[in-house]
Amino acid sequence: MTARVLIVDDEANMRRMLSAVLADEGFEIQTVASATDALAAIPAFEPDAALVDLVLGQGVDGLGLLEQLHARHPHVIVVMMSGQATLAHAVRATKLGAFQFLEKPVSTENVIATTRAAVDLAQARAENRALRAALEDEEYLIVGSSPAMEHVRALIAQVAPTSSRVLVTGESGTGKELVARGIHAQSPRASKPLVSVNCAAVPRELLESELFGHEKGAFTGATQRRDGKFELANKGTLFLDEVGELELTHQAKLLRVLETGSVERVGGTSARTVDVRVIAATNKDLEAEIAAGRYRQDLFFRLEVFPIRVPPLREHLEDLPALVRHLAEQVARRCNRPRRQFGDDVIASLGAHPWPGNIRELGNLIERLTIIGQGPVTRIELDPMLGSARSARLTTPSGERPLTPLSASIGAALEAYERDLIESALAASQGNVSEAARRLRTDRSNLHRRMRRLDIGRSDTGVSE
């Protein structure tokens, strides 16, 4: 693609001369006479580099434009030009991010060489960004072709083109952030920021400032003004992870922002309108939290416009081989180690594990295996790593009866494990399906489906609702 160069100079003759010289070298050129025109031209023209005169006839000068470009269009490489520059000007321009400072009158050779170097730098940075984005896309890929994961993908595709709020629920480690990233990537806001906040990780006293920002002097340590996550996500998406951990006072303030579409910094006196799509996630049962008086029902209704439940790994174990391959490749690249191979016997052993930590736990296990060895993974090295999970695999969550041992077939092994797990939970719950579902950390309808598939009926288990 032809490199694009923006020329910003209030002298028409200089614009014509620079344009002619650089166009002859194969650059695509656009010229403007002021900082205002430059800022207006950039979104459509998308220049790789800009040649900016220090002294512009009206409005913002060249250094002011440089400062705005650095803040708003940091990918544009800026070359400053001036016939009146002092050392102080050059120093300030460098601090503001200028690539080079050319003194007028400029020579043709110097302009060409400097512009080409600036464009080469811009394109190298663009290639690095594209590479990072490709790696990030692969890192955040939603893996699996099971009905459960295809359903999640279908929901993402339905809601992504809208601006509706989404509430993503699921156990820790299931990949709720992947869903949020998938929604953002497929939305009209994909080119704008995706800003994430873990509501459980920010200290309680700092959370309001983190979300809404603060003014200088608003509290001890507030030495300068700071934009909050809502302002940083303007025109984009804000992902509120662990939203179930918010205290009631913070819930009320979040509700206010969602209702009004405006934020007020801590210590501020005026509100600022923001255009932000909110995606929230939680591993808590918010309806139970509402019943217990720990969560606001009105906030829940504001967040749960479009709910998406991410299933735990134990509900889509048919995706385990694909997940293992994907994570093994990802971990090998990240750790700069050879990729481990996982045979059917090892996959069968992994499939019999309950995975309370879900895909995150699986990824951690694969990373440990990648670090300690090479070649095919063996049961001998895998079993000790499962550690206490082995005993958990041999007994039910209630600890009341042993489970069926692994068979030679992964399908038979998984089915036997699932049957014993469900029957044990039902026995521990005196046949109450709702209580058994709670013990198994799933919903009652899903448990009923699995009971029908495994032919676990009312007649031989004495189950009740």
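Is F301 buried or exposed? At 51% relative accessibility, F301 counts as exposed. Buried here means under 20% relative accessible area, exposed over 50%, and partly exposed in between, with a 1.4 Å probe and protein chains only.

Some ground rules. This is a predicted model, in which local features need pLDDT of at least 70, side-chain atom pairs count only at pLDDT 80 or more, and totals for chains, interfaces and linings use all residues. Residues are numbered from 1 along each chain as its sequence is written, and side-chain values use heavy atoms, with hydrogens and water left out.

Confidence next. pLDDT is the predictor's confidence in each residue, from 0 to 100. The protein averages 86. At least 70 is reached by 89% of the residues. Strand β6 scores highest, at 98, and helix α17, residues 388–394, lowest, at a mean of 42. Over residues 388–408 the pLDDT is below 50. That stretch still has 40 contacts in the model beyond near neighbours in sequence. Contact means heavy atoms within 4.5 Å. Where pLDDT is low, the predicted coordinates should not be read in detail.

Now the aromatics. There are two aromatic pairs in the structure. Rings of Phe, Tyr and Trp (its six-membered ring) pair if their centres lie within 6.5 Å; planes under 30 degrees apart count as stacked, over 60 as edge-to-face, and the rest as tilted. F212 and F230 are stacked, at 5.8 Å centre to centre with 25° between the planes. F212 sits in helix α8 (207–212) and F230 in helix α9 (229–232), so the pair ties together parts 18 residues apart in sequence. Helices are DSSP runs of H or I, at least four residues; strands are runs of E, at least two; both are numbered from the N terminus. F212 and F230 are both buried. The rings of F300 and F301 have centres 5.8 Å apart and planes at 50°, so that pair is tilted. F300, at 5% relative accessibility, counts as buried.

On to the cores. A nonpolar core is a set of buried Ala, Val, Leu, Ile, Met, Phe, Trp, Tyr and Cys residues joined through side-chain atoms within 4.5 Å. The largest one has 29 residues. F230, L238, L240, V243, L254 and L303 have the most contacts inside it. Elements giving two or more residues to this core include β7, α8, β10 and α12. Helix α10 gives the largest share, four residues. Apart from this core lies another, of 24 residues, among them L6, V52, L69 and L96.

Next, helix α6, residues 147–159. It has 13 residues and reaches 19 Å from first C-alpha to last, close to the expected 18 Å. The expected span is 1.5 Å times one less than the number of residues. M149, V152, L155, I156 and V159 are buried in α6. They cover an arc of only 115° around the axis, which puts them on the same side of α6. The arc is that of the directions from the helix axis to the C-beta atoms. On the other side, P147 and Q158 are exposed. Cover for the buried residues includes β6, α7, β13 and β14.

Helix α14, residues 344–351, is mostly covered, with six of its eight residues buried.

Last, T273, in strand β12. At 68% relative accessibility, T273 counts as exposed. Leaving aside neighbours within four places in sequence, T273 is in contact with G261 and S262. T273 and N234 are 39 residues apart in sequence, yet 9.0 Å apart in space, C-alpha to C-alpha.
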